[in-house]
Amino acid sequence: MLTNDILLRAYGLMITAKTMAETYEANRSICKYVHSTSRGHEAIQIATGMQLLPCDYFSPYYRDDSMMLAAGFKPEELMLQLLAKAADPFSGGRSYYCHPSSKATDKPGIIHQSSATGMQAIPTTGIAQGLKFLAATNSPLLRKGDNNEQPFALCSLGDNSVTEGEVSEALQVAVLWQLPIIYLVQDNQWGISVSAPEARAMNAYEYAAGFKGLKPFTCDGSNFIESYTCMYEAIRYVRDARKPVLVHARVPLLGHHTSGVRKEFYRTTDDLEQHAINDPIPRLRKVLLQHGVSETNLVSLEQNIGSEVQHAFENACAAEEPLPSTVTEHVFAPATVIHEEGERAPENGRKVLMVDAALFAIEEIMQDHPECILYGQDVGKRLGGVFREAATLSEKFGEHRVFNTAIQEAYIIGSTIGLSAVGVRPIVEVQFADYIYPGFNQLASEISKSCYLSGGKFPVSMVLRVPIGAYGGGGPYHSGSIESTLLTIKGIKVCYPSNSADMKGLMKAAFYDPNPVIMLEHKGLYWSKVPGTEDAKTIEPARSYRLPLGKANIVLCSDAAALEQGETICIVTYGIGVYWSKAAALEFPGRVEIIDLRTLFPLDEELVYARVKAHGKCLVITEEQVLNSFAESLAYRIMRSCFQFLDKEVEVLGALDLPAVPINLALEAQMLPTVNKVKSKIKLLLQA
C-alpha cells in the first residue's frame, strides 16, 4: 500500500511545512500576525490530507498547515493568509493563518474555520448530517468521488478542545444518528501552558469509549506509516459503514503554541527534549534511507523545496495589501427578496392565527424545496412543537425532514452551518427565547462570521425560529425578550412580526435569504388570546407572498390636520408593542401614528426618520428592559438623525430593569409595559 513514491511525497510535504515554519520564524518582523504551525504534527496531518478526496469535507484547526498542503493547497496560498494579503484565497486578509475556507472543486471542501477551539465540531458534524440526508433522499446535491466513493466529513481537533461541552454535543449527535464523520484528535499533551494532567481525566481515545457507536482508533501520530495505515482504515470504515469514527493521534509539539506565545515561556528544557525525540521528519527520513532512497536524492529534494518555499514567501511578501475600502464587503450575501411580492390579502381569503401562518408558510416551503428540513426540541411527530407551531409537518413530510433533537441548543444552531454548506436548507427552533444562550457561542462565533471571514463563500442560509415574550404567567424562564442581545451580533438578521400576514411574508423571505435569519415569534400573539391582540389574526397571504426584510409598516395614521398643527406623535414599536400602542391611541383619536418595525435588522431607518421628522415627537416602545436596550439605542439614533426636527426628547417605554419576568400575574404586569403606561407617555409627549 505504501510505495516509495507515497513516502517521498509525504517527506517532501513534511520538509515543506518545516521550511515554511522556519521561514516564518526567521522573518518575525514580516510575519507579524499571530500564527501557529504544524511542527511535530506533520505525520498524522499529511497521512490524513493525502487520503481525502474532492468530494469530502474537512475542518482543519489552526495548526493544520501540513494537512492543508497534503490536501493540495500551495505554500504561497497559505502564506498569503499568513501575511493578510488581498489575494488570500480564504478570507481576503480578514483572518488568521490556517483559518481556511474553500469551495475549490479539485480539493476537499472547507467551511469557515474559527479560532474558538472545539467549536468546529458542531458545524462539521452538521456537514455529516447533511451528507447523510442528501444520500437518503437521493439528492442531486450529493457529490461523490470519481469512482463513486461516498463523501464524509473530517473534523480535526487539538486534544485540549475535546473537554469542550460543544464537542460532546457533536459526538452525541454523531453516534445517535450514525453520521459519516471522523474526529481526528491530535494529542500533544499541551493546551497552551495547561498540561494534560491539569486539563483532563482521560485522553480522547478513552473518552470515545463512552460514546456507544463511535468507533475509536489510536496511533503514534509521529510515525507516518502507522498514521497512514490508521487513517486508511478509519477512512475506509466511514466511507463504507457510514458511521462515526474518532482517531486519537499522539504527537509531539515542536513549535510554539503561537508566534506570540513562545514555547520557552512555559516549557522546560527536558520537556522540549523529550518531544524532539519523536520528530516525525527524521523518523521518516530514516525509513526512506532503509527503503533504498539515496542520501543524495533526499538532500536534493530538501534543497529544491527550500528554494520553492523561499520563492513562494517572496511572492507573498510582494503581494498587494487589501484595500481599506473592502473592509465592509461580504458581511451578507445579497438578499434575494427585495420587493414585496404576491397578494397580501387575497379576495375571499380566510383569517388565520399567527401560529398557523408560520406553519402554512413552512409547509409551502417544504413542498417546494425537498432540501428543506425542520428540527428542534419537540417539533417532531408526537407533539409538533410546544406551541403546535410545527403541528402535522412531520406526518406530511416524514421524520427524516421534520424531527426532534435532544436538548442541545448549540448543536441545533451550529449544525446549520454545515448543512447549509452542502446545500440543505435548515429551519430550526429553540424552544424558548430564554434558552438560546447555550447556542449563543455558535451564533456569535461561527454563524455570524462565516460569510465575512470566508470572503462570501459560505453565507449560512438558515432560519432560526425563537418563540419570545411574556404571555401571562409564563415566569422567569419562559417570558424573556432577547432582541437586544441578538442585535449585538453583526452578520445576522432579526425579524419580529406582529401579525399573521407579516409572519408568513417574512418567513418566506427569511427562507429565501441566503443569510442567517432569526424569526422572533411572540407567544402572546400566536393565538391572539391576549386581550387586545385580535388584530394579529389576519387574512392569510397567497402562496407567492414575500415581504422583504427591512421594510417597516405604518399601522395607524394620524389625522392630516392634527399633523399640520403639530399635535401628533409617532410611536415606533414592534411585536406586542403594536397592540399596546393601538389600544392606547384610541384615547387620542387622530393624534397618533404607529410604525411597526417588523424587522429589527435590517432596520427601516428611512421610514422611521421621515415620519419622526414629520411629527416632531416620538415614543419608542419595547417589551424588553430599557437600560442598554435596542430601543434605547434606537431612540438615540432617532435623536441624532432628527434632532433639529424634534419638539421634545424622544421617550422610551419598556419593561422595568429587572433580571427576569416574575411568574405572578400582578408582578408581571407591574414589570411590563401596559396600555395605561403607554397612554401616560403619549400624554406627556402631547403636552404643549
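Analyst: With the cavities: the structure holds two of 30 Å³ or more. This is a predicted model, where local features need pLDDT of at least 70 and side-chain atom pairs pLDDT 80 or more, while totals for chains, interfaces and linings use all residues. Residues are numbered from 1 along each chain as its sequence is written, and side-chain values use heavy atoms, without hydrogens and water.

User: How is a cavity found, and which residues line the largest cavity?

Analyst: Rolling a probe the size of a water molecule over the atoms shows where empty space is left. A cavity is a set of points on a 1 Å grid over the protein atoms alone where a 1.4 Å probe fits but cannot get out; lining residues have an atom within 4 Å of a point. Here Ile-111, His-112, Gln-120, Pro-123, Ile-417, Glu-446 and Ser-450 line the largest cavity, which has about 40 Å³ of space.

User: What lines the second largest cavity?

Analyst: Its lining includes Glu-483, Tyr-496, Tyr-574 and Thr-622, around about 30 Å³ of space.

User: How do helices α1 and α9 cross?

Analyst: Axes are lines fitted to C-alpha atoms over the stretch in contact, with angles from 0 to 180 degrees between N-to-C directions. Helices are DSSP runs (H or I, at least four residues), numbered from the N terminus. The axes of α1 (residues 4-26) and α9 (residues 224-241) come within 11 Å and cross at roughly 110 degrees, so the two helices are roughly perpendicular (65 to 115 degrees).

User: Which residues of α1 and α9 meet?

Analyst: Ile-6, Leu-7, Ala-10 and Met-14 in α1 meet Phe-224, Ile-225 and Tyr-228 in α9 (contact: heavy atoms within 4.5 Å).

Conventions
Parallel < 35°, antiparallel > 145°, perpendicular 65-115°, else oblique. 1 Å grid on protein atoms, 1.4 Å probe; cavity = no way out; pocket = protein on both sides within 12 Å on 5 of 7 lines; lining within 4 Å. Points joined across faces, edges and corners; volume = space filled by probe spheres on them.
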